[in-house]
Amino acid sequence: MGETIRFGMSLDADLLDKFDNLAEKRGYKNRSEALRDLMRDYLVRKEWEGDEEIVGTITLVYDHHVRELTERLTDFQHDHSSAVLSSLHIHLDHDNCLEVIVIRDTAANVREFADHLISTRGVKHGKLSATTTGRQLR
Ligand code: NI
């Protein structure tokens, strides 16, 4: 952790007002906390542009009755077992499954895994959530 510094900033009063209102609605106790999280998010986005190791979660919703779909999704994860950290499977109802797969690899590889899984025939909805190993953040 670096030393804590204070800094001044010039900006439009209406903009600051809107920011403070939103930060309060989202549960931030003060402006500094809200700004810190914004900065961290900005830095994580930068991590995803490089070739560092990052972490992503891929959420999939699919009908497990679609022929060979479950096997295809599982085979893919076995083929990339060194990158797949964990997966969670939930039987949503008689037909639908939700799967969350946590992957650690380079951003390019994680994107490729996500694109492959999400575009697999029978997957109804898929989403990649981009996060970080946390090592670059304070
Ligand atoms: Ni299921």
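Modeller: Donors are N, O and S atoms within 2.8 Å of the metal (3.2 Å for Na, K and Ca), and water is not among the atoms, so sites may look incomplete. One caution: this is a predicted model, where local features need pLDDT of at least 70, side-chain atom pairs count only at pLDDT 80 or more, and totals for chains, interfaces and linings use all residues. Residues are numbered from 1 along each chain as its sequence is written, and side-chain values use heavy atoms, with hydrogens and water left out.

Colleague: What makes His89, His91 and Cys97 donor residues of the nickel ion?

Modeller: Their atoms NE2, ND1 and SG sit at 2.1 to 2.3 Å from the nickel ion. Donors have to be within 2.8 Å, so these atoms qualify. Along the sequence, the spacing reads H-x1-H-x5-C.

Colleague: Why is Cys97 called buried, and what about His89?

Modeller: Buried means under 20% relative accessible area, exposed over 50%, and partly exposed in between (1.4 Å probe, protein chains only). Cys97 has 3%, so Cys97 is buried. His89 has 33%, so His89 is partly exposed.

Colleague: How do you know that strand 2 and strand 3 pair?

Modeller: Strands here are DSSP runs of E, at least two residues long, while helices are runs of H or I with at least four, all numbered from the N terminus. Two strands pair if DSSP finds at least two bridges between them. Strand 2 (residues 84-91) and strand 3 have 7, so they pair, and they run antiparallel. One of the bridges links Val84 to Ile103 in strand 3. A hairpin of 4 residues joins the two strands.

Colleague: Which residues does Leu60 count as being in contact with, beyond its neighbours within four places in sequence?

Modeller: Contact means heavy atoms within 4.5 Å. For Leu60 the list includes Leu73, Cys97, Ile101 and Leu117.

Colleague: Why is Leu69 called buried?

Modeller: Leu69 has a relative accessible area of 0%, so Leu69 is buried. Leu69 lies in helix 3. Leaving aside neighbours within four places in sequence, Leu69 is in contact with Tyr62, Asp63, Thr120, Arg121, Gly122 and Val123.

Colleague: How far apart are Leu69 and Tyr28 in sequence and in space?

Modeller: They are 41 residues apart in sequence and 42 Å apart in space, going C-alpha to C-alpha.
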